[in-house]
Each structure stands twice: as C-alpha cells, then as structure tokens.
Amino acid sequence: MTWDAVIIGAGHNGLVTAGYLARAGMKVCVVEKNDWIGGAAVSRELFSGFTYSNCSYVSSLFRPEIMRDLELPKHGLQILPYEGGAVMMQDGGHLGMFRDHDANRREFARHSPRDAEAYDRYARDVLRHCRFIRPLLLRTPPDPSSFRPRDLAELAWLGKRMFALSEAQMYDMIRFWTMSISDFLDEYFEHPTIKAYQAVASIIGTALGPMSPGTAYVLLHHAMGDVDGNVGAWGFARGGMGAITRALAASLRAAGGEIRTGSGVAKIAVRGGRTTGVVLDNGDEIAGRRVISNMDVKRTFLGHVDEAELPGDFVKRVRAFKTRGSSGKLNIALDAAPKFTALPEGAPFIKGDLHFTDSIERMERAYDDWKAGHFSRDPFQDVMIPTMIDPTMTPPGKHFMSCFVQYAPPKIEGQDWTDADRDAFAKTCIDQIESYAPGFRDLILHMEVRTPRELEAEVGLTEGNIFQGELTFDQLLFNRPVPGYAQYRSPIRDLWICGSSTHPGGGVMGAPGRNAAAEILRDAKMPVKEMSDAYAIP
Amino acid sequence: MPSLDCIVIGGGTNGLACAARLARKGRRVLVLEASGAPGGGAAGGGFAPGFRSPGLAHIVHMIDPRVADILALDRHGLGYHTISLASTALSATGDHLRLDGAFGASLTGTISAEDRAAWAELRARLMRFAAALAPFRGLTPPRLARAPGNDWAQLARLGLGVRRMGKTDFREFLRMFLINVWDVLNDELTDDRLKGLVAFDATLGSWLGPRSPNSLLLLLNRLSGEVAGQQGALALPKGGMPAVAAALASAAEAAGVTIRTGTAVARIDVVGDKVIGVTLANGEELRAHRVVSAISPKTTLLSLLGPRHLDTGATMRIQHQKSRGGAAKLHLALSALPDFMGADPKTRLVIAPSADHVERAFNPVKYGEVPAAPVMEVVIPSAFEPGLAPDGQHVLSAVVQYAPHAPKAGEDAARAAMLEATLATLETHAPGVRKLIVGQKMLMPYDIERRYGMPGGNWHHGELSVEQMLFLRPASGMAQYASPVPGLWLASAGTHPGGGISGASGWNAAGRILEEARA
Amino acid sequence: MKVEPRLHFHMPLQRTPFHARTSAANVLNQWGNWSGYTTALVFEDEAMEYSAIRNAASLYDLCPMVKYRFTGPDAAACLDRLTLRAASRLSVGGVHYTAWCDDAGKFLDDGTLFRLGPEDFRLCCQERHLPWLIDSALGFDVRVREETEEVAALSLQGPCSAVVLQAAGFDVSALKPFRMMSLPFGDGTLLISRTGFTGDLGYELWTTPDQALRLWDHLTVAGRPWGIRPVGSSALNLARIEAGFVITNMDFIAAHQAVREDRTRSPIEMALDWMIDWDKGHFNGRRALLAEREGKTSRWAFVGLDVPGNVPATGAVIYAGKTKEAGFVTAAEWLPTAKRNVALAHIERKYLKSDLWADIYALRELQYARLMLPVTVTERPFFNPARKRATPPGRF
C-alpha cells in the first residue's frame with residue numbers, strides 16, 4: 001500500500017506531525033530505527049526498577065495547544081511543576097530560588113539587598129520579551145526574500161506587532177536579542193551567583209558561553225514556555241520524559257496511525273525530483289505520497305538523500321549548518337537521596353535544579369575549554385532529582401538523578417571520543433558532585449554516561465546537538481535550517497522536515513512538528529482541523 | 001545674547017568635521033581642545049628621544065567622503081603614501097602570505113587554488129554586503145516610531161538598495177548579518193594565515209572574539225568605509241595621523257572655526273533646562289546657543305553635564321553603554337629595521353597565525369587577564385617616513401590584542417606582562433628584534449583612557465557592537481545626535497556610525513543641528 | 001520573631017516587631033500578605049474597627065511599609081531630582097506626600113518623605129525600588145539604603161488620638177499636620193509625626209524594634225478609656241477610600257511592574273499633578289510631563305464617582321452613553337460616615353463630558369445581578385473633617 005505520509009523518526013516532533021496528519025484523515029506510518037520510540041523525549045529502564053529520562057529531562061516549552069489538540073492528558077500525559085533551584089557556592093554557602101515571591105526576595109537579600117529588589121523588574125522585562133516572541137512559535141516563518149502574498153502578509157503581521165510596542169520597548173527588545181546574557185544581567189544584578197543562576201537558561205544546549213552575544217535570546221528560548229500558565233516555569237513529565245512521546249504515540253494510534261520500531265531508514269527514495277517513500281535498512285520499501293523527516297537536517301539530506309538530487313547551494317548550506325554538540329549527561333540510579341552540605345535541611349529547592357557554578361566567569365571558562373576541544377575541567381552541571389517529586393520512577397526511597405553537563409565537545413581535540421575520554425568526563429563530573437556531597441559516590445547503584453558521541457549514535461543527533469542545530473541568529477527564523485527552506489519544505493517535492501532543525505528549534509517544544517503539519521495540510525489542500533490558535537494572553 | 005552659535009568640545013576628527021560643517025553654513029563656532037594640539041585619537045607625539053609615534057591610530061581605514069571632498073582636505077595638505085597598504089599574514093616559519101589591493105584583492109604566497117578561489121568569492125561577497133551598508137554611514141539613525149523626524153523617503157531608498165542585491169545575495173546577507181566571523185572563515189577557507197588575518201581584522205578595536213556572534217558585522221562595517229574613493233582601504237597618510245588632524249584643523253579654520261587648544265572644559269552649564277554654554281577648568285565661562293560634544297558621550301553626560309540634568313533611565317542607559325577597550329598600543333624605537341623573516345617592511349605585518357589564535361588571545365581579557373600569546377598588527381611608519389626616527393633607525397607601531405581594560409592583577413603588573421608577551425611574540429616572528437629596542441612605550445586600554453579620554457580605552461568611545469549601533473548608539477533615545485537636554489548635541493565616535501578617523505559622526509551631527517535650526 | 005536568615009523559607013512571610021500583640025489580638029485569625037509581612041486583615045470586626053478610626057482611636061501596625069533612608073550632603077538635591085516635589089524646600093521636622101516617575105513621566109510609586117535632618121530623609125512607600133533609588137543617586141553625594149526592618153511603626157488614628165497620646169504622656173498639642181517631633185521613650189526615642197492614611201486626625205509613631213511591644217502596651221493602656229483598638233487592613237482601606245487616597249498597584253500600576261505598556265499612568269492622569277514643582281529644576285520625567293501638559297496628550301483621568309444606591313461598584317466597567325467603554329473602577333465602597341456610595345475610577349478623558357454609566361455585577365446568592373447605573377464625577381476627598389487640620393487638636 002501507499003501511505004499518505006511516512007514519517008522518519010518517532011521523536012516528539014515526528015509524532016506531533018503524525019498525530020495532526022492522522023487526525024486530518026491521512027494514512028500515516030512512523031518508522032523508527034530504535035526498538036523503542038521517543039527520540040530525545042524518552043524514558044528507559046536501564047537499571048532494574050529505575051526509569052531514566054536519559055536525554056531531555058524537564059519540560060516547559062511543550063506547547064499546551066498541542067497537548068490539547070492531540071488530547072495528550074487523555075493518553076496519560078501529566079506535567080508536574082517543580083520547586084525552584086539552588087546554586088551551591090564555593091565558600092560553602094548557597095543561593096536558593098523559591099517559587100514563593102517573598103522567600104525569593106529574602107534569599108536574594110541575604111546576598112545583595114539591591115538585587116533582592118531588582119528581580120521583579122528583571123522578570124517583568126524578560127516576560128515582556130517572551131510575550132512578543134511566543135506567538136511566533138506556532139507560525140511558519142516568512143521568507144523575506146519572497147514577494148508571495150503569504151510571505152508579505154506574514155512580514156506585515158510581524159511589522160505590525162513590532163510597531164504596536166512603544167518606541168522605548170522596541171529599542172530594548174532589539175538590544176536584548178543581540179546582546180550577551182552576561183552584559184544583560186550586569187544591567188540588573190551585582191551578585192555573581194545571582195547572575196550565574198539566571199544565566200543558566202542562556203547556555204543550556206548552546207555552543208556559546210554566557211559572554212557570547214546572542215545568549216540573551218537563548219534565555220528567552222528557555223523562558224517562553226510555561227507550566228499551566230506559569231510563564232517561565234518548568235516541570236517534570238510524570239513517569240519521565242518518555243511520557244510525552246508515549247502519550248503522543250497513543251494519541252496517534254487512536255487516530256489510526258501506525259508506528260514501526262526497529263525500522264531504520266537507509267535511504268529516502270526519490271524519483272524525478274519527488275519522493276516516493278523510504279527504503280529501510282533491511283531493504284523493505286515503504287511507499288508514501290510524502291515523506292516527513294524528523295531527523296536533523298544534516299542527517300536527512302547528507303545521509304539519506306542522494307546528493308545528486310539536491311541543488312549544490314543547498315547541500316553547501318546544509319553542510320555548513322552548525323550542529324556542534326555542547327553537552328553531555330550522566331544518568332544515575334541512587335541508593336538514597338544525596339546530602340549536599342551547603343543546602344539546609346528541608347529546603348524545598350532540593351526538588352528543583354541544583355548547580356555548582358557560582359559565577360559567570362566559571363561558566364565562561366567552562367566554555368573556553370569546549371572551544372579548545374576539551375570537556376570542561378570545571379563543568380557546569382544542571383542536577384535534578386525528579387524522584388523527589390515523581391514517585392513512579394524508582395523503588396521507594398531510591399532516586400534517579402539526572403546531571404546535564406556543559407560543556408562537552410563533539411570531538412576531543414579533533415578526534416572521536418574514546419571510552420577512556422568518556423570515563424574521564426564522568427569522573428570529572430562525579431568528583432565535582434562528590435566535593436559538594438561527600439559520600440555521594442557510594443550511593444551510585446548504576447550510571448549511564450552520555451557524551452555527544454552517544455547522543456549521536458543512539459538518538460541520531462548529529463554531533464550530539466540537542467537542538468538539532470545551534471540557536472544563533474544565522475540559524476533562527478527564516479534562516480533555519482537554510483535560507484529559502486525555512487517553511488518545512490525541501491528541494492525535493494513531497495519531502496518535508498519537521499524536526500528541531502526547523503523553526504522554532506529545540507527544547508521538546510513540539511512546535512516544529514505542528515508547524516510542519518500545518519504546512520503539509522495546507523499544501524495538500526486539506527482543511528486544517530483541530531489545530532487550535534496560539535494562545536494569546538491579552 | 002551669546003556671541004557664539006556653537007561651542008564644540010573636543011578637537012578630534014569628529015569635533016573638527018562638525019565644527020567645519022557648521023562654520024561653512026555661517027555659524028560662529030569655537031572648538032575647545034584640552035590637549036596642546038587638535039587631533040584626539042589622531043594626535044601623535046614623541047615617545048623616545050629622537051623618535052615620534054604615528055599616534056594612537058597608525059592606519060586610516062576610512063575618511064568620510066563628504067568630509068574629505070567638501071572640506072577639500074587634499075588642499076589642506078592631506079596626502080597618502082598609499083591607500084591600499086599591502087598586508088602580510090606572517091608565518092612563524094617565514095612562509096608568509098601577502099595580500100595586495102583593497103581587502104586582499106590579490107594573494108601572493110603558497111596557498112591552494114581552492115583557497116584562492118574561495119577567498120576571491122568570499123571577499124567579493126563581503127565587499128558587496130559592505131557596499132550595501134555604506135550609505136547608512138551618512139544617515140541620521142532613524143527612530144523606531146511613527147514620530148516625526150525620520151526621512152522615510154531616504155530610508156526607503158536605502159532599504160531598497162539592500163533588497164536590490166538580488167535574491168541569493170539578500171538571503172545570504174540576512175543569514176550572515178549576525179553570524180560570527182570564525183564560522184564563516186572555517187566554512188569557506190582552509191588557510192590558517194588568511195583566516196587568522198581576517199579574524200584579526202574583524203575584531204580589531206572591538207571587545208569580541210572571532211567566535212562571538214555578530215563579529216562579522218564589525219568587518220562589514222569597516223569595509224563599508226572608504227578612503228579617497230577606495231572601499232576597504234588601508235591608508236597611510238603622509239606625515240602620519242597628525243597630518244590628518246592638521247588638515248582637518250586647517251580646513252576648519254579656513255571655514256571660520258576658532259580652535260582653542262590647551263582648554264579643558266570643566267562643566268556644561270544649564271539654565272532652565274537649556275544648555276547655555278560651558279565653564280572651563282580655569283573658571284572662565286563661555287556662552288553659546290548650542291554646545292556640541294565630540295568627546296565620549298559617557299564623559300559628556302555623566303561628568304560634564306551630570307546626571308541631575310538627566311532622567312534616571314537615560315542616565316542608566318548611558319552608564320550601561322559598554323566601553324571596554326581590548327587593544328593595547330605598542331611603540332618601539334629600534335636601532336635598525338627589524339627583519340620579519342623576509343616580509344616586506346612596507347606592508348602591514350599581521351601576527352595572527354590562525355583564527356583560533358585570535359580567539360585564544362581574547363579568552364583571558366574576559367577575566368581581566370593578559371593573554372600569553374597576543375595577536376597584533378605591526379606597521380613600521382619610519383619605513384615610509386624617514387623623519388620619524390634618526391637616520392637608519394626605526395619606529396615600530398603595533399596594535400596588540402587583546403589587553404584587559406580592568407586587569408585583576410593591577411595596572412602596572414598587567415602592562416609589564418602585556419609588554420613581555422608582545423615582545424616575545426614579536427621576537428618569534430622577527431628574531432633579534434628585542435636587541436634592537438632602544439625605547440618602548442606600551443599603552444594599555446586604561447592608559448589610553450587617561451591620555452585620550454576614551455572610556456575603558458575603547459577607540460570608538462563605546463564599543464562598536466550590534467546592540468550599540470545605529471539607533472542604539474550611544475543609547476536609545478539619544479541616537480539622533482541630540483542629547484536629552486535642549487541645546488546639547490553629541491557628535492563623537494560614540495554616536496553613529498562610530499569611530500575610525502572618519503569624521504562621519506561629527507559631519508552627521510552638524511547636519512542635524514543645521515536641520516533643527518531651520519525647523 | 002526572627003529565624004536564621006538561611007532558613008527563612010520555614011517562614012516565608014516576615015513578622016513585624018508587634019506580632020506578639022497583633023497575633024494575640026487577632027481573634028478571627030485573618031491574615032494577609034503586605035510586602036512580604038504577615039499583616040492582620042481584620043482583628044475582630046471590620047465595622048467596629050472602622051468605627052474606631054472615625055469615632056475613637058485605632059492602632060495599625062505600619063511596619064511592612066517599605067522605608068528608605070537618604071543621607072549625605074546631596075540628599076535633598078537627589079530627592080529633588082527623584083521626586084515630583086521640592087524636597088529641598090521641606091524643612092527639617094517636616095513631612096510631605098510625594099511621588100516619583102520614570103523617564104516617560106509614569107508613576108513608579110507614591111509615598112511620604114520625612115526630613116529627619118538637614119542631610120537626612122526617610123522615604124516610605126508601598127513598593128520596592130532600591131535599584132532605581134541607587135541608580136538615581138549616581139552623581140550625588142548621598143547614601144541610599146533600605147531600612148524597613150530597622151523601624152517599628154504604628155499608626156494611631158481617630159478623633160481621640162491626640163487625647164490618647166496626651167494620656168500616654170506625649171504632649172502633641174503644638175504639633176501641626178505634616179510635622180513631627182521627637183520624644184524620649186523607654187531606652188530611646190520616639191518620633192511622632194502628625195500623618196496618616198485615614199483622612200482624619202491621627203499620628204504615626206516611629207521607634208526601634210526593641211521598643212515595639214513596650215510602645216504597643218503603653219498606648220493600649222493609655223487609650224483604654226477612649227476605646228482604642230487594633231484595626232486591620234480592611235477597615236483602613238475603607239477609611240482611605242473615604243479620604244480619597246490612592247494605593248500603588250491597587251489604583252495604578254507601578255510603571256516598573258507593568259507588563260502591558262498601556263497600563264502606566266502619569267501624575268496628570270492620576271490627578272496628582274498638583275504635586276509637581278515645575279520650577280525646582282530638572283526631575284525625573286519632567287520633559288515627558290511637560291510635553292504631556294503642553295500637548296494635552298493625557299489619555300486618562302482619575303476621578304471620584306458618585307454611584308446611586310448602596311451597591312459598591314467594585315470592578316465595574318464604566319461606559320459612555322451605556323455603549324462605549326470609557327474606563328474602569330479601581331476601588332468602590334459604601335461610605336459609612338459620609339453615607340455615600342462612591343468609586344475611584346480611570347476614565348478616558350475624551351469621555352469625561354459624556355453621560356457615564358457603571359456596569360456593576362453584584363453577587364447575590366451565587367448569582368450576579370447586573371446593574372447599569374448612571375454615575376457622576378465628584379470631588380475628592382469624600383470625607384474631609386475640620387478636626388483633621390485643627391491645631392491644637394480638639395479634645396474629643
């Protein structure tokens with residue numbers, strides 16, 4: 001049979017696209033190379049009785065419009081907000097972040113009376129920028145070089161939105177988009193640790209340091225999500241991040257879609273400039289009227305399409321698309337909760353994100369190591385223990401700990417990672433934790449270490465880049481992934497891309513998948529049903 | 001009634017250009033220069049017995065064509081040894097790469113055919129993009145408002161000009177607009193010497209490394225300027241930088257401007273929310289209808305005017321204007337011509353072995369430290385102009401990056417470390433050069449701040465970076481040359497389009513002042 | 001009550017130095033959050049507490065009010081540039097109501113400024129502004145610091161308040177409105193200012209936290225014959241509406257907190273432009289406000305409204321000619337003393353001359369009854385007794 005749509009990759013974006021297409025009445029087949037689904041939004045039992053969110057580990061950006069349209073809560077998805085966070089300082093002190101406004105102010109005041117009263121205005125300003133950018137997430141970027149009515153209308157819409165702001169606000173926004181988070185924070189705060197905590201969202205997943213221009217925008221990328229209307233809040237998916245893709249898969253199957261795991265794609269079949277389906281690793285052909293790739297743009301076009309079928313300029317741009325991985329991950333099963341000497345007993349933020357990097361300088365130095373082709377000697381770690389909130393992931397009293405580590409380069413001094421490199425990387429991270437939580441090492445029951453090498457090999461993320469492509473302006477909006485091909489289409493007729501390589505990028509957002517579905521349905525002249533408008537708070 | 005129409009604070013190139021344009025329209029203009037001679041950053045001076053330095057700057061990248069043509073600077077004595085100084089990308093092995101013509105129009109040296117072709121294409125593309133940006137230099141930054149003041153017709157013409165570059169170029173322009181130069185170089189080229197040189201040129205005078213996003217735009221900005229009709233010029237004026245200042249001063253005086261040197265301004269005077277003149281350091285009060293400040297906006301507003309005449313938000317915007325200088329200036333008096341392993345001494349000698357070297361030299365200054373292996377451009381002005389040094393001896397002038405503007409180790413220790421690192425690097429590329437040294441002067445960014453009044457030692461009176469360009473320069477709400485206080489205008493490199501020796505900011509500001517007077 | 005600073009999360013809301021007494025008196029156990037402090041909303045009976053303000057004497061715990069101290073040779077000059085009024089013309093021992101704006105001439109906050117000495121001021125306000133105040137001090141020889149926790153403050157309000165102070169041994173007979181005096185008390189001093197937020201005769205008492213309970217007890221004993229009682233924020237709110245006072249973030253949004261740019265208001269739009277001293281030299285927002293005044297570009301007017309009937313017009317949308325949305329109500333009450341039903345409202349200036357209607361939703365047994373009532377703009381304050389101003393104060 002010939003499917004209406006064959007989707008390569010059962011990551012969250014592939015499943016979102018599949019879900020919308022199936023609901024619109026298309027016959028949809030998702031093929032997945034692994035024996036499990038989920039891509040980077042996955043939960044796996046890697047140690048008996050312990051569920052690991054071994055790639056992505058927190059949720060905020062996943063668009064609520066998608067959860068509603070695809071009825072994900074009905075299919076088991078539950079997002080749990082988490083409680084603040086803390087930075088442990090080198091002098092033995094700590095800085096906590098609290099959900100409670102007053103507790104937060106008093107905490108800041110312990111470190112700087114001025115900063116305590118600066119936070120509200122800072123949060124307000126970031127929220128203002130978020131409010132401007134959020135409606136852009138679920139829209140196809142216009143092509144500024146085109147004179148097609150749709151592109152012109154979209155550009156006019158953007159212009160109108162911009163000019164609805166006050167003059168002063170427009171200037172503030174343009175500065176914000178182009179400056180470094182370090183410079184931005186200097187305008188609000190004086191305490192290095194307060195700045196370091198705020199800067200975290202600007203570097204997670206990026207191949208930039210906090211002093212790089214453009215990182216203030218990345219902060220926005222992480223801050224524009226919400227948990228139940230709490231803008232900027234983050235949470236856990238109950239049962240691990242795989243709960244998102246499990247719910248998406250269930251929703252897809254309920255709409256008649258099919259998922260085939262263990263079905264790696266060897267090649268996208270192209271005849272006469274259009275695609276006809278995919279050829280699997282085992283030689284089977286799956287015929288489809290259209291093929292939608294959830295793989296990143298490099299893997300799709302450099303690995304699965306005959307280069308002769310593609311324009312030379314396009315191939316050149318895809319090659320130059322930046323996908324340098326910058327992060328690694330330790331997934332650890334713990335016999336008991338770790339005790340961090342800097343953190344007071346009973347503080348709520350043990351249920352949040354825990355950091356050891358107490359200044360922008362340390363963060364930036366960690367980045368300098370990465371630039372030189374090393375993993376950071378004094379890495380930044382975003383440590384979370386989701387089992388402090390979610391009881392479903394481990395046996396009672398045991399814990400799962402996720403350590404997201406920056407920076408880890410795609411190659412070590414130009415050479416592929418070796419197992420010895422990986423072990424040295426893990427040791428660096430564990431030593432850092434041990435120094436803040438003596439006895440920590442003895443609590444480890446099992447540990448999975450993931451460098452960019454593992455992320456590429458298992459999840460298929462080229463160079464281990466968790467966003468399927470870096471989030472710099474030359475790769476955002478109409479430039480993502482390639483100028484002229486930012487509308488989810490490719491040079492090959494009926495071959496589409498729907499992964500995070502496309503606008504608006506990564507972060508378990510689902511927006512690329514939904515936007516791609518909207519374009520595909522528009523192209524197929526099928527009415528776009530069941531796609532709710534982007535939420536706009538007046 | 002004051003007898004003066006305008007007092008211009010600061011006799012640098014922008015102050016002189018502004019004053020001259022105003023005087024040409026019949027205004028009575030007085031320029032006040034604190035030092036003994038006009039010129040600002042273009043002023044020169046002796047630094048060792050018998051040796052003269054070319055000044056803080058040693059190469060002219062751009063002189064605004066309006067300033068040069070309308071003021072006829074050539075008739076006031078401005079001439080050039082060359083406007084297309086060749087560059088040599090030095091190699092520690094002596095395998096140098098020479099770039100001739102504007103921005104390396106031709107390459108000489110061992111380099112692969114692929115790189116030659118790729119460079120020709122990349123260079124042409126960058127020159128096209130830069131040319132499209134050139135008209136913006138002469139523009140008063142538009143306001144992002146429907147408010148009056150914008151010349152919409154002109155803006156539309158400029159926008160159309162950019163759009164007219166064709167679909168492919170336009171897309172590429174939008175992609176590359178905020179990209180970092182390091183990625184571009186690694187995408188397109190393989191030769192480390194060439195990549196190092198371009199990475200160095202892009203970040204020269206900035207507080208960014210080549211891997212910092214937005215860094216390519218700084219290169220485009222420089223390439224958008226011209227000297228005597230030559231885009232992407234590297235010009236060596238006859239008589240060095242002081243000759244540029246002298247020509248400008250002469251042109252200004254010919255237009256009727258009075259220049260008072262050795263005259264420091266202590267205060268800008270305000271009555272009833274209007275600027276009425278200035279008080280000099282000696283207590284003398286001068287009155288005028290307008291005061292134009294061609295010294296840094298930060299110093300102007302925060303020190304001479306004072307926050308009490310500004311709103312707090314505006315005060316903070318100018319206070320937050322980043323002005324970190326990352327370049328040090330070294331002058332060496334040499335007993336003989338140094339040998340850079342056979343490199344032509346009458347070229348610009350660039351020590352930036354690779355783009356990574358440039359980035360590594362940037363890393364330490366982020367933390368207020370001195371790099372172990374700085375990158376630099378070296379000019380030997382005495383090779384062109386024998387009068388700068390005693391016979392047979394030479395002056396070496398180097399811009400060395402990066403140097404911390406606020407060193408953790410203290411100013412003297414950092415200066416000594418910077419000097420040692422720089423001399424060691426020079427010795428590697430010109431063995432024996434250290435033995436030739438008979439005099440030396442290292443100006444760190446903080447020395448430059450003290451001597452030239454540039455906050456943080458930044459040449460542009462405020463970093464030239466995307467978030468501080470166009471309508472954000474020096475800060476939003478004061479980017480159209482008018483300060484928030486009626487009667488006070490800003491005309492220094494701290495305003496659009498920024499520094500260089502160009503005089504564009506001063507010329508643009510004068511245009512605004514004349515327009516306002518008409519209205 | 002203090003907790004170890006790093007363990008503050010065990011008690012996220014701070015307690016004032018009077019907490020031991022206010023918590024004992026708070027038989028209803030109704031508490032709210034005022035600027036991060038636990039504050040009593042009602043102690044026993046809101047109506048009786050309101051009555052104490054207007055009829056006898058009331059005690060209100062003012063500690064949560066945010067306090068800043070400006071000290072140094074340029075303190076007055078700095079405040080001249082910061083605020084709308086001329087702090088330099090405030091004499092030592094004087095107090096004035098003031099407000100401050102951002103560059104755009106939009107309100108950041110209002111408050112009271114106390115001149116404690118030639119180079120020493122205290123600024124009391126609703127919201128927190130330390131970064132703005134420090135930034136505003138750049139270029140002035142002045143030190144700005146936050147001192148909320150260092151001061152214990154009580155408001156003693158009501159027609160009998162002067163008598164109560166007299167009975168407590170504090171002779172305030174010569175103290176004029178908006179003046180203050182210092183007296184010895186306990187181990188230190190007590191500062192008494194003739195100020196308040198009720199529009200009635202009243203005083204505010206300022207001391208150090210260690211003297212707080214002694215002061216409370218002393219006043220409670222001295223005031224017993226006059227029916228002194230602690231009052232909560234609910235009763236005080238009623239009194240302040242009667243007096244026509246505004247509260248930041250209740251009647252207007254502090255510009256630094258406004259996410260939506262059109263929510264901010266200028267002093268002209270808030271009918272507080274009488275405060276502006278145009279001749280004192282530059283102050284924050286002056287150029288924007290001057291342009292607003294000259295260009296008559298104010299969009300909003302803040303007015304008092306007379307509402308028919310006795311249903312408070314809380315949250316009502318105001319219509320012009322029953323159809324065009326013209327504004328909204330920020331505070332509304334039936335005034336027990338003035339016997340009027342009033343509201344404070346923002347009305348778009350262009351509709352001020354139209355016939356205005358309030359669209360009131362009155363919740364009656366789970367169901368909203370909708371009332372469209374004609375309203376008229378009226379003078380503020382709604383209640384303005386002569387006893388508030390008399391010196392020496394009357395012996396009521």
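**Exercise 1.** At what angle do α1(A) and helix α17 (residues 511-523) of chain A pack, and how far apart are their axes?

*Solution.* Keep in mind that this is a predicted model. The two helices pack at an angle of about 35°, and their axes are 7 Å apart. Next, look at the handedness: α1(A) passes α17(A) in a right-handed crossing. Now pick out the residues that touch. On the α1(A) side they are A:N13, A:V16, A:T17, A:Y20 and A:L21, while α17(A) contributes residues including A:P512, A:I520 and A:L521. Sort the contact residues of both helices and you get nine nonpolar, three polar and one charged.

**Exercise 2.** Work out how α1(A) sits against helix α11 (residues 242-254) of chain A.

*Solution.* Start with the geometry: the angle is about 20°, with the axes 9 Å apart. Angles under 35 degrees count as roughly parallel, so α1(A) is roughly parallel to α11(A). This crossing is left-handed. The contact residues here split into seven nonpolar, four polar and one charged.

**Exercise 3.** Find the edge strands of the eight-stranded open sheet in chain B.

*Solution.* Write down the order: β8-β7-β6-β17-β18-β19-β16-β20, with mixed pairing. The edges are β8 (106-108) and β20 (437-443) of chain B; each has a single partner strand, so one side of each has no neighbour in the sheet. For β20(B), strand β16 (residues 327-334) of chain B pairs with it in the antiparallel sense over six bridges. One bridge joins B:K329 to B:L443. Finally, look for helix α13 (residues 411-429) of chain B, which lies across strands including β16 and β20 of chain B and runs at about 130° to β20(B).

Definitions and conventions. Residues are numbered from 1 along each chain as its sequence is written. Chains are lettered from A and ligands numbered from 1 in the order in which they are written. This is a predicted model: local features need pLDDT of at least 70, side-chain atom pairs count only at pLDDT 80 or more; totals for chains, interfaces and linings use all residues. Side-chain values use heavy atoms; hydrogens and water are left out. Axes are lines fitted to C-alpha atoms, for helices over the stretch in contact, and angles run from 0 to 180 degrees between N-to-C directions. Helices (H or I, at least four residues) and strands (E, at least two) are DSSP runs, numbered from the N terminus. Angles under 35 degrees count as roughly parallel, over 145 as roughly antiparallel, 65 to 115 as roughly perpendicular and the rest as oblique. A crossing is left-handed if the near helix is turned anticlockwise from the far one by less than a right angle, and right-handed if clockwise. Ala, Val, Leu, Ile, Met, Phe, Trp, Tyr, Cys and Pro count as nonpolar, Asp, Glu, Lys and Arg as charged, and the others, Gly among them, as polar. Contact means heavy atoms within 4.5 Å. Two strands pair if DSSP finds at least two bridges between them.
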